Each structure stands twice: as C-alpha cells, then as structure tokens.
Amino acid sequence: MRKYVIAGNWKMNMTPSAAKKFISDLAATLPAQNKCDIVLCVPFVDIAPAAEAAKGTPIHIGAQNVHFEKSGAFTGEISADMLLEAGAEYVIVGHSERRQYFGETDETVNKRTRAALAAGLRVILCLGEVKEQRLAGITDEVVAMQTKLDLAGITAEELKRVIIAYEPVWAIGTGLTATPEQADETCGTIRRTVASLYGQAAADALIIQYGGSMNDANAAELLSKENVDGGLIGGASLKTDKFKAIIDAANK
C-alpha cells in the first residue's frame, strides 16, 4: 500500500519567524496517529528555523530547488549538501514556475534530480502539460516524454526516494483544477511509463501526487482516485486550517 504524502510548496512566502509560528500552530492540531507524510517545502532562508521547529513533530522540511553542482561560481544557487546541513530532507525539482520563469529544461531537471538523490535527499519531481498541449490531445505523450527524460540515469534504488508530482501547468495558480478523472488518468499514464522503465513493482510503489490547485474543498475527491497518492499544495498550504483539512482528507 502506498502512503499518502501531502506536501506544501510555500513558493516565495513566509519569513523565518512566520514559518516557525505556522509549524507550531499546525503541529498542535495534528492527531497522535497521523497516517500520511507531511512535508513543507519552504524558502531557503526558512529551512534551518523550520527544521528546528519541526523537531518532534510528523512534519518534514524540504527546499524548492537545488543546483546540480556541489560547489562553484554559481551566484545565488544552493547545493544539495547545503540543503542537507540546513535541515532539509526533501527538495522540489522541476516545478512549472522554475521551468516557465527561470529556464529549467528536462535536461537541467534531470541533472538537479540526480544531484539531489546522490546527496541523500528525497525528490519531489514535477512535470505536466501546458494548456495548449491538453487542448491538442497530447497530454499522455508529453508527460510520458517528461517522465523518461527527467528520470534518465536514475537507478531503481534511487527511484524509491522520488515522488512524482503531476502538475497540469494550466491549473497552477489559476484556480482551475483537473477533474479527478483527468488527474487519475494522467497519473496513471505516468505510472505506466515508470513501469516500462523500471518494472511493474517499482511503478506500483511509486508515489504520484496531484499538484494543480488541490485545496480543502477538492482534496477528498482527488485523493479517492487510484493513482493519486497525495498532493503538492500551493496557496492552501499557507493557511493552517486549509492545509490541515487536506491532511485530514488524507488521513481518512
């Protein structure tokens, strides 16, 4: 049985003091027997204080990006070793906003994924189609290609530390959401692609999140689908009550 993973992507929000208060407030509401994994992917400056605040709670801390080199003349970038020492356990790689605004390609996404895994981090690997590709009826082809390119060179053992987040780009920050059936269908395409690369057992064990405007109102229905194993949550992860409602849906 795959375990639900509910991850918050705070994007460029929350100061260190706000992060500590959020984690304290959220932790106080969590049940003693929490069934799902909870991850908060926070801005770089928040990682150390967030990791400290999360000690003794079910909350894990992640980063939102990582560079593929261990060190060097890469002004403004952060290495996997830096993330680990700061207290991160997870890192998001390939988010649609990184691809759209900062020139990420499947090649650099793959390099960042491999660097993060080599350092011991867990990776939340994002992929998904844009609106024009959905309307053209090539969603399956697009996500299958991204899956193959982004996982190139990654071993079956390393795959155990990868979560794939399916993000229909047209649903990120727009308020639009794929229907539960669309989400399940495309997550199923990703799972079948992974099966073709690593075998059915590896595909069956892979956690695939939905990452397109999941919120407290639609989480339960999305999470009821066979191939949806959690969510990568944007705006709803910035409010403790809304994020807790999604966690509650995963705990049922």
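Start by selecting α1 and α12: α1 passes α12 in a right-handed crossing (right-handed means the near helix is turned clockwise from the far one by less than a right angle, left-handed anticlockwise). Show side chains for the contact (heavy atoms within 4.5 Å): Phe22, Asp25 and Leu26 of α1 meet Thr240, Phe243, Lys244 and Ile247 of α12. By class, that is 4 nonpolar, 1 polar and 2 charged residues.

Before moving on, a note on what you have open: this is a predicted model, where local features need pLDDT of at least 70, side-chain atom pairs count only at pLDDT 80 or more, and totals for chains, interfaces and linings use all residues. Numbering runs from 1 along each chain as its sequence is written, and side-chain values use heavy atoms, without hydrogens and water.

Color its buried residues (under 20% relative accessible area, 1.4 Å probe, protein chains only): Phe243, Lys244, Ile246, Ile247, Ala249, Ala250 and Asn251. What covers them?

Last stop: select α7 (139–150) and α9 (180–198), which pack at about 40° with axes 9 Å apart (axes are lines fitted to C-alpha atoms over the stretch in contact, with angles from 0 to 180 degrees between N-to-C directions). Here too the crossing is right-handed. Residues to show include Val143 and Thr147 of α7 and Ile190 and Leu197 of α9.

Key. Buried < 20%, exposed > 50% of the residue type's maximum accessible area, 1.4 Å probe, protein only. Helix = DSSP H or I, 4+ residues; strand = E, 2+ residues; numbered from the N terminus. Nonpolar A, V, L, I, M, F, W, Y, C, P; charged D, E, K, R; others polar.
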